Amino acid sequence: MSWPAFLDKVQERGSYRSPHEAERAARTVLALLGAHLVGKDRSDLAAKLPETFALILLNPLQAAEPLSPERFVRATAAWIEGATEQTALWDVGAVLSVAADAAGEDLTQRLLLQLPPGYDLLFGHPVLPRPPAESDTKQP
């Protein structure tokens with residue numbers, strides 16, 4: 001995906017007033033995300049992003065431990081000047097949903113397997129609970 005196309009989609013999804021705001025959100029969210037992904041999946045996602053964002057993903061901010069989705073949002077808020085947790089949640093959703101579109105369904109599912117539960121909602125790809133099997137619903 002090209003730089004302008006990626007940024008345009010982030011700007012549209014995030015309802016940002018300027019490309020600068022969309023870029024700021026994308027840089028922060030992808031830097032934090034990169035600290036939580038490893039190996040081929042991270043490099044496969046980087047290959048789907050514009051070069052500048054790929055480099056940010058591949059050279060992430062340091063994370064001491066995997067962050068829950070809630071802590072990921074709080075960390076995003078801490079890195080974006082003037083952000084609140086509510087605006088950071090909006091930023092995360094805008095960026096990660098565009099990244100998921102660029103990645104495609106298979107890669108997105110592989111990425112979600114590396115992340116703590118709950119990131120599916122941040123990526124805009126909620127995992128629906130498995131319907132009970134017939135054997136699960138039978139009475140003894």
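Is F6 buried or exposed? F6 has a relative accessible area of 0%, so F6 is buried (buried means under 20% relative accessible area, exposed over 50%, partly exposed in between, with a 1.4 Å probe and protein chains only).

The model is predicted: local features need pLDDT of at least 70, side-chain atom pairs count only at pLDDT 80 or more, and totals for chains, interfaces and linings use all residues. Residues are numbered from 1 along each chain as its sequence is written, and side-chain values use heavy atoms, with hydrogens and water left out.

**Aromatic pairs**

The structure has 3 aromatic pairs. Rings of Phe, Tyr and Trp (its six-membered ring) pair if their centres lie within 6.5 Å; planes under 30 degrees apart count as stacked, over 60 as edge-to-face and the rest as tilted. Two of the pairs are tabulated here.

| Pair | Centre distance | Plane angle | Class |
|---|---|---|---|
| W3 and F53 | 4.5 Å | 15° | stacked |
| F6 and F53 | 5.1 Å | 45° | tilted |

W3 lies in helix α1 (residues 3–14) and F53 in helix α4 (residues 51–58), so their pair ties together parts 50 residues apart in sequence. F6 also lies in helix α1, and its pair with F53 in helix α4 therefore joins parts 47 residues apart in sequence. Helices (H or I, at least four residues) are DSSP runs, numbered from the N terminus. Ring pairs link W3, F6 and F53 into a cluster.

**Packing of α5 and α6**

The axes of helix α5 (residues 69–79) and helix α6 (residues 85–103) come within 8 Å and cross at roughly 105°. The two helices are therefore roughly perpendicular to each other (65 to 115 degrees). Axes are lines fitted to C-alpha atoms over the stretch in contact, with angles from 0 to 180 degrees between N-to-C directions. On the α5 side, F72, V73, R74, T76 and A77 meet E85, A88, L89 and V92 of α6, contact meaning heavy atoms within 4.5 Å. By class, this contact has 6 nonpolar, 1 polar and 2 charged residues.

**Confidence**

Mean pLDDT (the predictor's confidence in each residue, from 0 to 100) is 90 for the protein chain, and 90% of its residues reach 70 or more. Confidence is highest in α6, at a mean of 97, and lowest in helix α9 (residues 134–137), at 50. Where pLDDT is low, the predicted coordinates should not be read in detail.

Definitions and conventions
Parallel < 35°, antiparallel > 145°, perpendicular 65-115°, else oblique. Nonpolar A, V, L, I, M, F, W, Y, C, P; charged D, E, K, R; others polar.
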